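Me: I'm new to this one and would like to learn how to read it. Could you take me through it feature by feature?

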Amino acid sequence: MTLLDFARGPGLQISFIILMFGVSWRLAGTVLQRYSIDNSPGRHQSTVIDSLRTMVVRSMPVHQFEKHIKLQHYSGYLWHIGLFTSVLMFAPHIQLFKSVLGFGWPALPNSVILICASLAIAILLGLTIRRLTHPVHRLISTADDYISVFLTVFALLTGILAYSHLGLRYELMLAIHLLSAEALIIWFPFGKLIHTLMIFPSRYQIGATYGHRGVKA
Amino acid sequence: MGDKRSLGDLLFSQGVSRRGFMKYCATLTSLMALPPAMISRVAMALEQARRPSVIWLSFQECTGCTESLTRAHAPTIESLIFDAISLDYHHTLQAAAGDAAESARLSAMQENKGSYLLVVDGSIPLGNAGFSTIAGVSNVDMLRETAKDAAAIIAVGSCAAFGGLPHAKPNPTGAVSVEEVITDKPIINIPGCPPIPIVISGVLAHYLTFGTIPELDSLKRPIVFYGQTIHDRCYRRPFYDKGQYAETFDDEGARKGWCLYKLGCKGPLTYNACATLKWNAGTSFPIGSGHGCLGCSEPNFWDKGSFYAPVSVGQWGSREALFAAAAGGAVLGLGSALAVHRRQKKAAREEKESAS
């Protein structure tokens, strides 16, 4: 069995089994946790509007600090768009999703994907340098952040190299790319990458809690 | 076997013009990635080359490799390579049969001890000696006996190079490649199902010209022919780069000649020269005819999933395993939550007790 055979076969299976197990564990653990009982009467009949409002407000830079965090905030958006475009709109990736889901969707031209992936890498590396050099960012960063950044950049970079037939032989580079993506998939439920699934439900819940207490945040 | 004329003498006696011969030499020189200055050396070497003795053994095979070389649409200059060698044994092509055929092999081995070339097509069954025999001799015994005094071995076709279709799961005959049996001789693999005729003749010409084997890759394939992927040199590559793919074999994309990636083309993973040398006197190759590459010059291509599944599609195993993993995770999550509940209750109780 070649490295590519492993990456396309057992490697893929193992990584997705771990992903399913981990995500299910994190979600079940979060949903089933014991919530403290708030005995105070609610300030609103419905907190849905408050929840939705919080989801929107927290997706924008905090007004008071906007001047200082604007660049970081919007560059964060940009690299996420680059990442998701590369993952979801590249024809070979869509073929992979199609084989699982049973349906596909139109792909973007490869040159667009190449630009998106390159931008995502550049911005993420720039933000990481900022994380390393800014005293507050450095203080609040943990190994989890650096592992997540490394795995994401590595998967993007090996994808670009494999697509462009640069560096190693194509089948070896493709195998490394698949393995790097599998490492990212395995890491996903156990690190901060789980925010992909948690971010909007948690903002909704925060909005609901604050709304209950009559706090606008 | 007794003919000691040079290749030049033979070709010219068969009506091949000097110009035609030089064109062939120029093609070979180019194929072998040699500088143009080497054309005259290749021509001189080929012209003066004495015919080396070649013994061609066919084991578990379909004769496609021999057909590839001999059944071109018209007699080609590639097929004339047979005139450049003294083909002393080839049980598909030779007139002799039975004892006469076998004694031709044995006498060729004796007379050219240490200098003859051994060409093998077909895989070698190790499961049972009776699975494939020639004149009552098992394939593996005949290979070992003949390889012993050979100068080099050329494994022609994917069966001889990697085990081929007989090696496919569950491999009922225990088929193996030449290099799994012979480990002490120089081996050149020329895989393909079948290989391109000019690649076979090109390797033979290289041996005739330089007396050495060409530079090989990690799978013992000549780099000059197997150094690039089909995808690298495919005329449909610009469509891949633009993201334009045929979705079915008869849609508009297919009619416009778009990339066949989504239809399972294995060109990106396949090292061969089909896209440049092509088949039938340079007329076409599978992708040119509208079908994706099967990857037939790569090991185990027959056991790597559907021919029609794109390269990026993995082998997922069972969906049941994924559901079982999800269920297991949910149970663990529930267990974790219950444990936390219990701990919180205990802490609350202790706090209450200490307060009272």
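Reply: Let's start with a term: a salt bridge is a side-chain nitrogen of Lys or Arg within 4 Å of a carboxyl oxygen of Asp or Glu. Before we use it, note that this is a predicted model, where local features need pLDDT of at least 70 and side-chain atom pairs count only at pLDDT 80 or more, while totals for chains, interfaces and linings use all residues. Residues are numbered from 1 along each chain as its sequence is written, chains are lettered from A and ligands numbered from 1 in the order in which they are written, and side-chain values use heavy atoms, with hydrogens and water left out.

Me: What is the general idea behind such a pair, and how far apart are the closest N and O atoms of B:Glu298 and B:Arg221?

Reply: Side chains of opposite charge can pair when their charged atoms come close. Here B:Glu298 and B:Arg221 form a salt bridge, with 2.8 Å between the closest N and O atoms. B:Arg221 also meets B:Asp217 in a salt bridge, at 2.9 Å from N to O. Both B:Asp217 and B:Arg221 are buried (under 20% relative accessible area; exposed is over 50%, partly exposed in between, with a 1.4 Å probe and protein chains only).

Me: How many salt bridges does the structure hold over all chains?

Reply: The count over all chains is 13. One of them joins B:Lys304 to A:Asp5, with the closest N and O atoms 3.5 Å apart. That pair crosses between chains, from the loop between α14 (274-277) and α15 (319-355) of chain B to helix α1 (residues 3-8) of chain A. Helices (H or I, at least four residues) and strands (E, at least two) are DSSP runs, numbered from the N terminus.

Me: Are B:Lys304 and A:Asp5 buried or partly exposed?

Reply: B:Lys304 is partly exposed, at 24% relative accessible area, whereas A:Asp5 is buried, at 17%.

Me: Into which domains is chain B divided?

Reply: Chain B has domain 1 (7-226) and domain 2 (228-339), with bounds that come from an automatic or database domain assignment. Their C-alpha centres lie 32 Å apart. In contact terms (heavy atoms within 4.5 Å), 24 residues of domain 1 of chain B touch 18 residues of domain 2 of chain B.

Me: How do I read the size of an interface like that?

Reply: The size of an interface is often given as the accessible area lost when the parts come together. Buried area is the accessible area (1.4 Å probe) that two parts lose on being put together, summed over both. For domain 1 and domain 2 of chain B that is about 1,600 Å², 69% of it on carbon and sulfur atoms. On the domain 1 side, B:Phe162, B:Ile196 and B:Tyr226 lose the most area to domain 2 of chain B, together 31% of what that side buries. Across this interface the rule finds 1 salt bridge.

Me: And how should I read a strand?

Reply: In a regular strand the side chains alternate between the two faces of the sheet. Take strand β9 (residues 187-190) of chain B: B:Ile187 and B:Asn189 point one way, B:Ile188 and B:Ile190 the other way, and all are buried.

Me: Which strand does β9(B) pair with in the parallel sense?

Reply: Its partner is strand β7 (residues 150-156) of chain B, over 4 bridges; two strands pair if DSSP finds at least two bridges between them. As an example, B:Asn189 in β9(B) is the bridge partner of B:Ala155.
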